[in-house]
Amino acid sequence: IRPKVFKHIRENAREKGIHIDFINGYTDHVHCLISLGTDQTLEKIMQLIKGESSFWINKNNLCKTKFGWQEEYF
């Protein structure tokens with residue numbers, strides 16, 4: 001499901017004015033290189049990306065169990 005999720009995250013970010021330079025990851029995590037706009041904070045960007053993508057993953061039943069991102073981000 002990684003390619004689907006990465007594609008969705010990139011498209012959703014673009015719609016919200018978030019510029020993702022690069023997205024990749026491994027089986028249990030995702031890395032995003034993001035260019036922040038002058039009015040954007042990392043906290044708000046991560047809230048938008050993580051919240052919407054977990055909702056989308058669960059709505060589309062892409063996982064056998066309920067999906068949720070970890071609380072932290074680095």
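1. Contact here means heavy atoms within 4.5 Å. Helices (H or I, at least four residues) and strands (E, at least two) are DSSP runs, numbered from the N terminus. Buried means under 20% relative accessible area, exposed over 50%, and partly exposed in between (1.4 Å probe, protein chains only). With these terms, the cover over the buried residues of α2 includes α1, β1 and β2.

2. This is a predicted model, in which local features need pLDDT of at least 70 and side-chain atom pairs count only at pLDDT 80 or more, while totals for chains, interfaces and linings use all residues. Residues are numbered from 1 along each chain as its sequence is written, and side-chain values use heavy atoms, with hydrogens and water left out.

3. Helix α1 comes next. The expected span of a helix is 1.5 Å times one less than its number of residues. For the 14 residues of α1 this gives 20 Å, and the end C-alpha atoms of α1 are 20 Å apart, which agrees. The buried residues of α1 are Val5, Phe6, His8, Ile9, Asn12 and Ala13. They lie on the same side of α1 because they cover an arc of only 165° around the axis, the arc being that of the directions from the helix axis to the C-beta atoms. Pro3, Lys4, Lys7, Arg14 and Glu15, on the other side of α1, are exposed. Among the elements that cover the buried residues of α1 are β1, β2 and α2.

4. An α-helix has 3.6 residues a turn, so residues three or four places apart point the same way.

5. Helix α2 has 18 residues and reaches 25 Å from its first C-alpha to its last, close to the 26 Å expected at 1.5 Å a residue. Ile45, Met46, Ile49, Lys50, Ser53, Ser54, Trp56 and Ile57 are buried in α2. Their arc around the axis is only 160°, which puts them on the same side of α2. On the other side of α2, the exposed residues are Glu43, Gln47, Phe55 and Lys59.

6. Which residues have the most contacts inside the largest nonpolar core? They are Ile9, Ile18, Ile20, Ile34 and Ile49, in a core of 13 residues. α1 (2–15), β1 (19–26) and α2 each supply at least two residues of this core. The largest share, five residues, comes from α2. A nonpolar core is a set of buried Ala, Val, Leu, Ile, Met, Phe, Trp, Tyr and Cys residues joined through side-chain atoms within 4.5 Å. Leaving out residues up to four places away in sequence, Ile18 touches Ala13, Ile34, Gln40, Ile45, Leu48 and Ile49.

7. Just after α1, Gly17 takes a positive phi of about 75°. Gly25 is in strand β1 and touches Arg2, Phe6, Val30 and His31, not counting residues up to four places away in sequence. C-alpha to C-alpha, Gly25 and Glu71 are 17 Å apart in space and 46 residues apart in sequence. Gly37 lies in the loop between β2 (29–35) and α2 (42–59), and counts as partly exposed at 27% relative accessibility. The C-alpha atoms of Gly37 and Glu15 are separated by 14 Å, with the two residues 22 apart along the chain.

8. Asn61 is found in the segment after α2. Although Asn61 is not a glycine, it has a positive phi of about 50°. Asn61 counts as exposed, at 63% relative accessibility.

9. How many disulfides does the structure hold? The structure holds zero disulfides, a disulfide being a pair of cysteine sulfur atoms within 2.5 Å. The cysteine sulfur closest to that of Cys32 is in Cys63, and at 16 Å it is too far for a bond. Cys32 is partly exposed, with a relative accessible area of 31%. Cys63 is also partly exposed, with a relative accessible area of 29%.

10. Rings of Phe, Tyr and Trp (its six-membered ring) pair if their centres lie within 6.5 Å; planes under 30 degrees apart count as stacked, over 60 as edge-to-face and the rest as tilted. By this rule there is one aromatic pair. Phe67 and Trp69 form this edge-to-face pair, 4.8 Å centre to centre with 90° between the planes. Trp69 counts as partly exposed, at 26% relative accessibility.
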